[in-house]
Amino acid sequence: MSKTDVTFAGWDAGRDIVLDPGSPEPLYFQVSRQLQAAIADGRLPAGARLGNEVDLAASLRLSRPTIRQAIQTLVNQGLLVRRRGVGTQVVRTRVARPLRLSSLFDDLAGLGGKPESAVLVNQVEEAGAEVGELLEAPGLTHVRRLKRLRSADGEPLALMNNYLPDGVLDPADDELRERGLYQLLRSAGVRLHAAEQHIGARLATEEDAELLDEQPGAALLTTQRTTYDDTGRVVEYGWHVYRASRYTFNLSLTNGPQ
């Protein structure tokens, strides 16, 4: 493969990726971080080809497993894709905004409310292909599933469902009742970095209505959230429903470039 396979529009992996073997930051993460920066600022636009792992490893004088881990981090984030016979390509650019991630428990406590949680499910179970895809871990064999009813000042507010890769967190029911999930993750040493969240709506099922003290067919807000740590690993996938009569989402918008 030619040198142009690891260069694009003046960007050269061997020249522009600067590694510090003495840094506490793992080498694979140094590579993925600098690749992500090149994608974000347009030096590596959509369609740019990195080539295969062997040549990129040779260019950076690193082992192939190190390069594979760096690339997989960005594949998991949807920034790169591996194509047979082509190599690794940039899929699309993404606006990377550092987020301060918080749970509903944190938000309610911050507003002066009294959050309460009833733990309905807290167990490890087999992870099928669909769950592995949600957690971006195709080889995952087991997953921790959580289901909790969140109330504020004694009134039901939301039904929270979560998948976590087994081993990330092993919470007792008492911990889930007393603290938010993100508090527990941070206490376990997980460094939350970013999330993708989708907001929608649906009508309450019989089960929803009974748990949330609503009528069947009442309007509910829904969210699906995928949360990443600072290495790009998915540490939690959540799908939640909220009483539309008691909960709203507030979004701050700013004027973009004209």
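Predicted model: local features only at pLDDT ≥ 70, side-chain atom pairs only at ≥ 80, totals over all residues.
Helices and strands are taken here as DSSP runs, of at least four residues (H or I) and at least two residues (E) respectively, numbered from the N terminus. On this basis, Asp213 is placed in the loop between helix 9 (206-212) and strand 10 (219-229). Asp213 has a positive phi of about 60° although it is not a glycine, and the residue is exposed, with a relative accessible area of 55%.

For the protein chain as a whole, nine helices and 11 strands are assigned. Of its 258 residues, 44% are buried. Among contacts with a separation of 6 or more, 58% are made by residues 24 or more positions apart.

Helix 2 (residues 27-40) comprises 14 residues, and the distance from its first C-alpha to its last is 20 Å, close to the 20 Å expected at 1.5 Å a residue. The buried residues of helix 2 are Tyr28, Phe29, Gln30, Val31, Ser32, Gln34, Leu35, Ala38 and Ile39. Helix 2 is followed by Gly42, for which phi is positive, near 90°. Within helix 4, burial is found for Thr66, Ile67, Ala70, Ile71, Thr73, Leu74 and Asn76.

The packing of helix 2 against helix 4 was examined next. The axes of the two helices come within 8 Å and cross at roughly 45°. The crossing of helix 2 with helix 4 is right-handed. On the side of helix 2, the contact involves Leu27, Tyr28, Val31, Ser32, Leu35, Gln36 and Ile39, which meet Thr66, Gln69, Ala70, Thr73 and Leu74 of helix 4. By class, seven residues of this contact are nonpolar and five are polar, with no charged residues. Several residues that meet across the two helices are also buried, including Tyr28, Val31 and Leu35 in helix 2 and Thr66, Ala70 and Leu74 in helix 4.

Helix 4 also packs against helix 3 (53-60). In this pair the angle is about 110° and the axes lie 9 Å apart; helix 3 and helix 4 are therefore roughly perpendicular to each other. Their crossing is right-handed. Glu53, Val54, Leu56, Ala57 and Leu60 of helix 3 meet Arg64, Ile67, Arg68 and Ile71 of helix 4. The residues of this contact divide into six nonpolar and three charged, with no polar residue. Ile67 and Ile71, which take part in the contact with helix 3, are among the buried residues of helix 4.

What is the relative accessible area of Arg61? The value is 80%, and Arg61 is therefore exposed, given that residues over 50% are assigned to that class.

Technical notes
Residues numbered from 1 in each chain as written. Heavy atoms only, no water. Buried < 20%, exposed > 50% of the residue type's maximum accessible area, 1.4 Å probe, protein only. Axes fitted to C-alpha atoms, helices over the stretch in contact; angles between N-to-C directions. Left-handed = near helix turned anticlockwise from the far one by under 90°. Contact = heavy atoms within 4.5 Å. Nonpolar A, V, L, I, M, F, W, Y, C, P; charged D, E, K, R; others polar. Parallel < 35°, antiparallel > 145°, perpendicular 65-115°, else oblique. Expected span 1.5 Å × (residues − 1).
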